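Reader: Before we turn to the ligand, could you take me through how the packing of helices is read?

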Amino acid sequence: MRILLFGKNGQLGYELQDSLAVLGELIALDRSGCGLESRFCGDLLDLAGIHATINALSPDVVVNAAAYTAVDQAEQQHELADKINHQAVAVIAHACQHINALLVHYSTDYVFSGTSSKAWTEQDIPEPLNQYGKSKWAGEQAIINSGCHALILRTSWLYGARGHNFIKTILLLAGQRDVLSVVSDQYGTPTSATWIAAITVKILRTYFNHPRPEQLDGIYHLSALGKTSWYDYANFIIEQAGALGMAFRVKTILPIKSADYPAKAVRPANSQLNTAKVQQTFRLTLPTWQSGVIQLLEELKHND
Ligand SMILES: NC(=O)c1ccc[n+]([C@@H]2O[C@H](COP(=O)([O-])OP(=O)(O)OC[C@H]3O[C@@H](n4cnc5c(N)ncnc54)[C@H](OP(=O)(O)O)[C@@H]3O)[C@@H](O)[C@H]2O)c1
């Protein structure tokens with residue numbers, strides 16, 4: 001099996017480079033894999049380049065881990081976010097449809113408004129509150145409209161050893177400040193990029209072993225189990241890091257309301273995803289959100 005991966009250097013892309021290699025030949029590109037020094041284009045702003053790359057490589061599977069993910073900056077850079085998260089995704093999907101390749105694409109809990117207190121299902125209608133969520137939702141629709149075979153995996157509150165994320169920010173700030181103020185009225189599910197990458201392999205194995213794999217095409221909610229607020233999450237990180245022997249300056253973590261936190265983008269109050277469909281379809285046992293956080297803290301401590 002030949003797999004083409006876009007976005008190999010992101011939090012998730014980096015983990016996918018390891019995990020996808022077990023399935024066959026992996027060609028992993030980042031945005032610099034474009035131009036004279038490379039035959040293949042990985043820059044999602046070069047629409048003709050990515051189309052030509054998919055045609056030239058003719059992969060069985062295209063995995064798209066590249067995205068514009070700066071949620072606050074997207075409020076100003078909404079055209080750029082739309083180009084990467086929507087227009088480029090439309091081109092990838094059409095190219096996949098043309099060569100009959102499966103597209104694995106990642107999307108976000110931020111496609112939802114967050115107004116319901118229940119976990120969101122795949123049947124719930126997205127109503128994104130911010131430009132990032134709008135661009136990701138437009139990307140999902142472009143995939144569906146292209147008619148290509150696709151698995152759209154919506155995940156949430158992603159973290160990994162590589163890249164920027166909430167865990168690393170909290171550890172950094174806890175070492176610098178006496179008091180941290182953290183939003184306590186937004187709920188969601190922290191999810192490990194390492195775990196998403198491993199589960200993607202399981203999902204692909206089940207997909208290709210299925211007698212009618214196209215029956216599995218569609219949108220799936222894929223996150224860890226449980227939910228928490230950013231405030232409780234921050235407390236958990238500091239408690240667990242402390243138990244591992246990490247020392248911090250921080251004495252107090254204060255809960256604050258979203259309205260009192262100066263963010264450019266509005267975020268959903270509840271973005272917990274209901275994962276029943278992915279569990280049943282692919283016979284998966286999902287971990288609790290806490291287990292992945294502890295695992296990353298152990299890894300960060302070990303690499304320190
Ligand atoms: N992070 C989260 O909390 C979260 C939550 C839910 C869903 N998701 C989704 O999960 C997926 C993976 O997210 P992540 O956290 O791994 O994101 P990330 O760490 O920000 O990685 C995104 C990658 O996309 C690349 N990229 C940006 N613009 C590009 C372009 N024009 N051409 C090629 N590559 C480009 C970036 O490259 P550079 O490094 O060169 O900029 C980066 O390597 C995304 O689809 C995201 O929407 C993320």
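**Helix packing and the ligand shell**

Author: H1 and helix H6 (residues 193-209) pack with their axes 8 Å apart, at an angle of about 45 degrees. This is a predicted model, in which local features need pLDDT of at least 70 and side-chain atom pairs count only at pLDDT 80 or more, while totals for chains, interfaces and linings use all residues. Residues are numbered from 1 along each chain as its sequence is written, and side-chain values use heavy atoms, with hydrogens and water left out.

Reader: How are two packed helices described?

Author: Two packed helices are described by the angle between their axes and the distance between the axes. Axes are lines fitted to C-alpha atoms, for helices over the stretch in contact, and angles run from 0 to 180 degrees between N-to-C directions. Helices are DSSP runs (H or I, at least four residues), as are strands (E, at least two), numbered from the N terminus.

Reader: Which angles count as roughly parallel, and which as oblique?

Author: Angles under 35 degrees count as roughly parallel, over 145 as roughly antiparallel, 65 to 115 as roughly perpendicular, and the rest as oblique. H1 and H6 are therefore oblique to each other. The axes of helix H2 (residues 47-57) and helix H3 (residues 78-99), in turn, come within 9 Å and cross at roughly 25 degrees, which makes H2 roughly parallel to H3.

Reader: What is the handedness of the crossing of H1 and H6?

Author: A crossing is left-handed if the near helix is turned anticlockwise from the far one by less than a right angle, and right-handed if clockwise. The crossing of H1 and H6 is right-handed, and H2 passes H3 in a right-handed crossing.

Reader: Which residues are closest to the ligand?

Author: A residue is near a molecule if one of its heavy atoms lies within 4 Å of it. Here 24 residues surround the ligand, the closest being Arg31, Leu44, Thr69, Tyr132 and Lys136. The largest share of this shell, three residues, comes from S4, and helix H1 (11-20), strand S4 (102-108) and helix H4 (131-146) each supply at least two residues.
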